[in-house]
Amino acid sequence: MNSEKIAQVRALRKRLDHPVIDADGHLIEPAPLFNEYLQKVGGSGMLERYNRELREHPTGSRGNRDAGDMRGAWWGVSNDAYDLATVMAPRLLYSRLNELGVDFSVMYPTLGLALPTIHDTEVRRIACRALNTMNAEICGQFRDRIAPAAAIPMHTPDEAIAELEYAARLGLKVAMIPPGVARPIPAHPDAFPNAAYFDCYGLDSFHDYDPVWRKFVELKIAVTSHGGVGLRYLPLGRRSPTNYMFNHIGAHAYQQGELCRSIVMGGVARRFPQLAFGFLECGAGWACDLLHSLEEHWEKRNIAGLANYDPSRLDRPRLHELLAEWGGPEFTAKNSANSSPTPPLLIPSPGSTHSGRRARCFRVNASAIGTRRVSSSFAASRQSRTAARCMRGWSRFAV
C-alpha cells in the first residue's frame, strides 16, 4: 500500500466506532516450512508419500476437455513482494494490521483448502495435522489479533472429530470444513471423480455426522466452511476446461448453498440450535434466495399443502366432463372417467424405510438459517418480508 492509501485507511478507521474484523483473511503457506512439518508430523518418508499421492491423484485441476477436468486458478496471488510476504509471515502481517485498518483477523489457509480433499486417507489426515500444527506455532505469539483456522477433514466423522480435538489442544479457536465431500457413486465407481456424489453431511449423507456437530458444540467452536475452485475432489457445479473465470463466478455460492440446504433439510440446525455456521467467500445474495425458496416450497409442499396434489383426491369424472366440454373428444381417452385413480402420494412416516435407510421427519426451525447463523444481510434484504414470515413459525421437512 502506498502512503496515500494508508492515509485513506486511517481516515476511514477513525470515523468508525466499532472494531474492524477481517473474517476471511488468508495465509499463504511457505512450501519449505510446510514440508518440514509434514515430516515432523508424519515421519521422514511422509514428504515423498505426499508428493507421490498428489502426482497420482492431483487435487488441482488444470483443465482438460477430454478428461472432463475444469480449468482451475492460475496467477492466483499478488506479485507485490511486500504484500505477498505479509500473508506468508504472520509476524509481518501482525505489524501491518493497524496500517491495514484491521483490529482482528481470522486467517484461513490457502493450500489448506485442498488438503482436506486429498484422496488417500492417511496422507489427507497427516497433511491437515501438519498444516494445523504449523499455523498454530507460527501464529502463536500473535493470537491476540490473529486467529488461524484449523483445516478439518470430513470424509468420516471419526477423522473430523480427531482433528477437531487436536486443533483444540493446539489452542485454535476457528475450524474450517470443506462444503462437502466428493464420493464415488456406488453403481459407477470407475467414473470417480468426474462423476461423484457431493455429500454435504446433512441430507442423504453417507455417514451420521451428528457426533461431529456435537463435538463442535462441546468445544465451543463454530462451524465455518470454505470451498475452493479448481479442486478435482470438490464439486463446483460448472466445469469449463478453458475458462477459469467461468468456473469461479458464483462457485463459492454454489458450494455453500449445497451445504446450507443439506444442513437445514437434514435437520442439523434443529437438532443443534446452539451451533453457529459460517459460510465463507460467497457473499449473502445466495442465502437470501435460498431462504426465499425454502419458504416458497414450504408454502406449497408442507403436509397440509400436499393434499392439493394427492392424485387420490382428484375428481376424475368432473375432469373428464370439463375436458370434453371445453376441449373436445380428442382431449379425453375412452373410459377415462371410469379408470382407476392412480395410487395416492405416499409420504414416509417415522419408522418407515426409504432406500434401506430409516426415514425421519424433522421439525426445522426456520431461524436456523436466519440472521444469526447465515447472514445478517437477510434482515435488510429485499426478501426481508419473506424472511420475517418464514421465521415466525416452524417448518417440517420430510427426509
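Axes are lines fitted to C-alpha atoms, for helices over the stretch in contact, and angles between N-to-C directions run from 0 to 180 degrees. Helices (H or I, at least four residues) and strands (E, at least two) are DSSP runs, numbered from the N terminus.

The legends below describe a predicted model, in which local features need pLDDT of at least 70, side-chain atom pairs count only at pLDDT 80 or more, and totals for chains, interfaces and linings use all residues. Residues are numbered from 1 along each chain as its sequence is written, and side-chain values use heavy atoms, with hydrogens and water left out.

**Figure 1. Overview of the protein chain.** The protein chain contains 15 helices and 14 strands. Of its 399 residues, 42% are buried, where buried means under 20% relative accessible area, exposed over 50% and partly exposed in between (1.4 Å probe, protein chains only). Contact means heavy atoms within 4.5 Å. Among contacts with a separation of 6 or more, 73% join residues 24 or more positions apart.

**Figure 2. The packing of helices α7 and α8.** The axes of α7 (residues 157-169) and α8 (residues 210-219) come within 9 Å and cross at roughly 10°. The two helices are therefore roughly parallel to each other; angles under 35 degrees count as roughly parallel, over 145 as roughly antiparallel, 65 to 115 as roughly perpendicular and the rest as oblique. From α7, Pro157, Ala160, Ile161, Leu164, Glu165 and Ala168 meet Pro211, Val212, Lys215, Phe216 and Leu219 of α8. This contact comprises 9 nonpolar, no polar and 2 charged residues. Ala, Val, Leu, Ile, Met, Phe, Trp, Tyr, Cys and Pro count as nonpolar, Asp, Glu, Lys and Arg as charged, and the others, Gly among them, as polar.

**Figure 3. The packing of helices α4 and α5.** With axes 5 Å apart, α4 (residues 81-88) and α5 (residues 90-100) pack at an angle of about 110°. That angle makes α4 roughly perpendicular to α5. Tyr82, Asp83, Ala85, Thr86 and Met88 in α4 meet Pro90, Leu92, Leu93 and Arg96 in α5. By class, 6 residues of this contact are nonpolar, 1 is polar and 2 are charged.

Figure 4. The buried residues of α6 include Val123, Ile126, Leu131 and Met134. Among the elements that cover the buried residues of α6 are α2 (31-42), α3 (46-56), β5 (146-151) and α7. Aspartate 120 caps the N-terminal end of α6, with a side-chain oxygen 3.2 Å from the backbone nitrogen of glutamate 122.

**Figure 5. Proline 178 in a loop.** Proline 178 lies in the loop between β6 (174-177) and β7 (181-184). Its relative accessibility is 4%, so proline 178 counts as buried. Not counting residues up to four places away in sequence, proline 178 touches Pro116, Ile152, Met154, Tyr201, Ser225, His226 and Leu234. Glycine 228 is 50 residues from proline 178 in sequence, yet their C-alpha atoms are 8.3 Å apart in space.

**Figure 6. Arginine 232 and its partners.** Arginine 232 is placed in the loop between β9 (223-225) and α9 (244-248). Its side chain joins that of aspartate 69 through a polar contact of 2.4 Å. A polar contact is a pair of N or O atoms within 3.5 Å; within protein, one must be able to donate a hydrogen and the other to accept it, and residues adjacent in sequence count only if both atoms are side-chain atoms. Leaving aside neighbours within four places in sequence, arginine 232 is in contact with Pro58, Thr59, Gly60, Ser61, Asp69 and Pro193.
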